[in-house]
Amino acid sequence: GSTMEASFFTQVLLPASLALIMFGMGLSLTLDDFKRLMRTPKAVSLGLFGQMICLPLVAFTLCVALDVAPHIAIGIMVLAACPGGTSSNLLSHIGRANLALSVSLTAITTVLCVVTTPWLIKFSVDYFTILPKEPFSLLKTSLSLLVITLIPILIGMSVRHYALRFAQRSEGLFRHISTLFLFTMIILISIDEQEMLLESFPHVFILTFGLNILATVIGVALARIGNLSDNDAVTLGIEVGTQNATMSILISVSFLQHPEYAIASGVYGVTMYVGAFILIMSRKLGWFGFTPKVS
């Protein structure tokens with residue numbers, strides 16, 4: 001049985017922590033990050049297409065093809081419905097890719113997901129649930145996401161606008177907090193759902209690892225189709241492959257109140273770095289048609 005029932009932790013602390021992380025993301029954003037869609041429409045549109053359309057489609061296809069247990073399938077779909085994670089920005093920075101493009105994609109997908117995520121989750125829960133239909137409110141989920149993602153981002157952006165030095169100083173701190181928080185959540189989910197995790201681990205691992213590699217490949221392929229630079233190709237690969245696992249864990253535990261749905265997100269939260277690092281190495285070593293990068 002699960003201990004993570006509706007409690008102060010799942011209903012207050014978890015959402016508040018995500019809101020704090022989103023505020024930190026807002027601290028690093030300017031209106032320019034959103035205007036980039038107008039300036040480099042091709043790169044941003046291809047990234048959005050990969051993240052918002054290809055990723056959920058691939059996730060859905062994998063779940064159906066591999067005939068995974070409903071709680072894993074729904075968990076993977078919740079994850080795929082979530083926006084790109086802020087860790088993608090850090091990875092783009094490490095990989096010396098196009099950091100500005102990464103930041104823009106994370107920001108724009110996070111805004112769009114307030115509308116798209118609830119729809120995708122509703123579809124997935126209806127499709128994969130064997131049990132009687134669960135009550136799931138699209139409006140309530142959208143409003144919740146608005147309150148814990150969009151509003152904190154807007155507050156963060158305002159703080160940056162009016163207190164630039166403070167924003168620049170504390171931005172890094174929030175990035176560390178968000179990484180720490182994700183791994184804390186993964187540990188808690190692993191302890192809480194240990195029986196289910198152990199039982200489904202081989203499947204979940206293959207599924208999340210496969211999804212991450214496919215997502216990364218899709219990002220790079222889209223960039224190649226669009227004749228984007230190597231840097232943009234790495235950025236799109238990282239962006240499509242790196243999900244906001246924290247948001248996805250929060251939705252599973254706090255909104256859907258099924259901690260077992262969070263298992264897939266927890267495992268993905270660890271495996272998603274693999275695709276990114278393979279990609280960053282490929283860029284350095286000149287694999288997969290990349291021009292070797294001389295640092």
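**Second largest cavity**

Which helix gives the most to the lining of the second largest cavity? That helix is α12, with three residues. (Helices are DSSP runs of H or I, at least four residues, numbered from the N terminus.) A cavity is a set of points on a 1 Å grid over the protein atoms alone, where a 1.4 Å probe fits but cannot get out; lining residues have an atom within 4 Å of a point. The lining includes Arg96, Val234 and Lys293.

**About the model**

This is a predicted model: local features need pLDDT of at least 70, side-chain atom pairs count only at pLDDT 80 or more, and totals for chains, interfaces and linings use all residues. Residues are numbered from 1 along each chain as its sequence is written, and side-chain values use heavy atoms, leaving out hydrogens and water.

**Largest cavity**

Fifteen is not the whole story: of the 15 lining residues, Thr86, Ser87, Ser178, Leu182 and Thr246 are the closest to the centre of the largest cavity. Helix α8 (164-192) supplies the largest share of this lining, four residues.

**Helix α5**

Helix α5 spans residues 87-94. Its buried residues (under 20% relative accessible area, 1.4 Å probe, protein chains only) are Ser87, Ser88, Asn89, Leu91 and Ser92. Their cover includes α6, α10 and α12. Arginine 96 follows α5, and its phi is positive, near 50°.

**Threonine 216**

Threonine 216 sits in helix α9 (residues 194-225). Threonine 216 counts as buried because its relative accessibility is 7%. Leaving aside neighbours within four places in sequence, threonine 216 is in contact (heavy atoms within 4.5 Å) with Gly237, Gly241, Gly275 and Leu279.

Terms used
Buried < 20%, exposed > 50% of the residue type's maximum accessible area, 1.4 Å probe, protein only. Helix = DSSP H or I, 4+ residues; strand = E, 2+ residues; numbered from the N terminus. 1 Å grid on protein atoms, 1.4 Å probe; cavity = no way out; pocket = protein on both sides within 12 Å on 5 of 7 lines; lining within 4 Å.
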